[in-house]
Amino acid sequence: MASLPRDPRVDTDRPPPLPEWGVRPRNMAVRLVFAALFLAGLGAALTLLAPPPAGPQVRFAFPPPLPDPAALLPYLPETARAANAAMVINPPAAPAPAFRLGAADALAQTRALDCLSAAAWYEAGDDPSGERAVVQVVLNRARHPAFPASVCGVVFQGSERTTGCQFSFTCDGSMRARHPAPAAWARARAVAAAALAGAVDPRVGLATHYHADYVVPVWRSGLVKLAQVGLHLFYRWPGDWGSPAVLRGSASGEEPRIAAMAALSPAHGGADAAQAGQADAAANAGAALAYLPLDEADGPSRSGSRSALLSAAPAGGPSAGGRIALKLDPAAFPGTYAMRALAACGERERCAVVGELLGAAPGQDPGFVYLRDRRTGAEGAWWDCTALPRANPARCLPKGAALTRLLADWG
């Protein structure tokens, strides 16, 4: 058989080269082995670094951003009310714990009382129900780590700015433009005093935010809606930041002097006024939060002394106005009796309220008496300290003939 001619360019003495597919599998196998060893080592290292399953879990918690009261959606009031009504209310599971002011001296107590009263009146008007809800929010904030640790610090947070203050009345000129009437201020202070002494509004729970129902703030959707009280809607933060566990045990007890409060509160005035307010507060140490404070100092120069008011027949005689009788719940916070008395008297020039405790035996002495005569400037509130112990003995009703004469003088 004839053979093909030999190609002189082909070297028959050397083996032919390996095909390309014969090299790649060996390289791929080596790479896979190294990759497997690397992953195994990485897994072992991560296992050693991981905490034990039963050990404590480390969580990084940062304070949530504070709401900007000026950040509102551009809704008309009717649209805003509809949008707010569509958001489901989740009622509070439990009320907030009773508030404690901490180791506050008499001057700090008075400052806290007046700041809280201002927030109540300017935010809710002369409405004790709305004032109680607003006051509860302020006291919840005073114990929350995202806010200042004092009552005045909470109320006036951001007030040095023209926008961004947490309570708009502190930076929009309201405090210069209008002041509460004496009766309205007394009612606001009664609400604030009751809350500082431990009264709690269970309707709003742990709420730290609220807004009027005719606006829609941009921060609303990220919170839990708790309640509506009057025109205000109340919210808390979700999760841990809206739980009782995050609250401080009490406020710091240090209350700053707020210059904008000087027109309403001598305790916030200049050095001389502050010293005078401190002297008055010290004279009634322990009592400022336990009974109705009827004016800034609650001293005899403005309200009349206890002996003068209780022993002397007021101008006008028994027929000048008569008495108002109230039935009082002995289980209620005693400070609320003064609020009911103020509401019952309204704007009467001369008024006497006698409160009988529910369940009292026939002929038993009244549990509470409130007297007011604007012609003489006399005003005061007293309790039966046998049934309702008070921190200040000067707030106790007299007994026997003195009480009989008092009731007869006031009709």
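1. Where is Val-216 found? In this predicted model, Val-216 belongs to the loop that runs between β1 and β2, the latter spanning residues 224-229. Val-216 has a relative accessible area of 2%, and because buried means under 20%, Val-216 counts as buried. Its C-alpha atom is 5.6 Å from that of Leu-73, although Val-216 and Leu-73 are 143 residues apart in sequence.

2. The open space comes next. The largest pocket holds about 630 Å³ of space. Its lining comprises 33 residues, and those closest to the centre of the pocket are Pro-69, Glu-123, Ser-168, Tyr-210 and His-211. Three elements each contribute two or more residues to this lining: α3 (106-124), α4 (128-142) and β1 (209-212). By class, the lining of the largest pocket consists of 18 nonpolar, 12 polar and three charged residues.

3. The structure contains two cavities of 30 Å³ or more. The second largest cavity has a volume of about 40 Å³. Its lining is formed by His-144, Leu-206, Thr-208, Trp-241, Gly-242, Ser-243, Val-246 and Leu-247. These lining residues divide into four nonpolar and four polar, with no charged residue present.

4. The next points concern charged pairs. Side chains of opposite charge can pair when their charged atoms come close. The count of salt bridges in this model is six. One of them joins Asp-114 to Arg-189, with 2.8 Å between the closest N and O atoms. Asp-114 is part of helix α3 and Arg-189 is part of helix α7 (residues 182-196), so this pair ties together parts that lie 75 residues apart in sequence. Both Asp-114 and Arg-189 are buried.

5. A salt bridge is also formed by the side chains of Arg-203 and Asp-201, at 2.6 Å from N to O. What is the relative accessible area of Arg-203? The value for Arg-203 is 31%, and this residue is partly exposed. Asp-201, by contrast, is buried, with a relative accessible area of 7%.

6. The side chains of Glu-356 and Lys-327 form a salt bridge as well, with an N to O distance of 3.2 Å. This pair links distant parts of the chain, since Glu-356 lies in strand β5 (residues 350-357) and Lys-327 in strand β4 (residues 324-328), 29 residues apart. Glu-356 is partly exposed, with a relative accessible area of 36%. Lys-327 is likewise partly exposed, at 49% relative accessibility.

7. The last point concerns the surface. Which residues make the nonpolar surface patch of about 340 Å²? The patch is formed by Val-33, Phe-34 and Leu-37. Phe-34 is located in helix α1, which covers residues 24-49. Its relative accessible area is 58%, and because exposed means over 50%, Phe-34 is classed as exposed.

Conventions. Residues numbered from 1 in each chain as written. Predicted model: local features only at pLDDT ≥ 70, side-chain atom pairs only at ≥ 80, totals over all residues. Heavy atoms only, no water. Patch = residues over 30% accessible without salt bridge, like charges linked within 9 Å, V, L, I, M, F, W, Y side chains within 5 Å. Areas by Shrake-Rupley, 256 points an atom, 1.4 Å probe, with all protein chains shown as cover. Salt bridge = Lys/Arg side-chain N within 4 Å of Asp/Glu carboxyl O. Helix = DSSP H or I, 4+ residues; strand = E, 2+ residues; numbered from the N terminus. Buried < 20%, exposed > 50% of the residue type's maximum accessible area, 1.4 Å probe, protein only. 1 Å grid on protein atoms, 1.4 Å probe; cavity = no way out; pocket = protein on both sides within 12 Å on 5 of 7 lines; lining within 4 Å. Points joined across faces, edges and corners; volume = space filled by probe spheres on them. Nonpolar A, V, L, I, M, F, W, Y, C, P; charged D, E, K, R; others polar.
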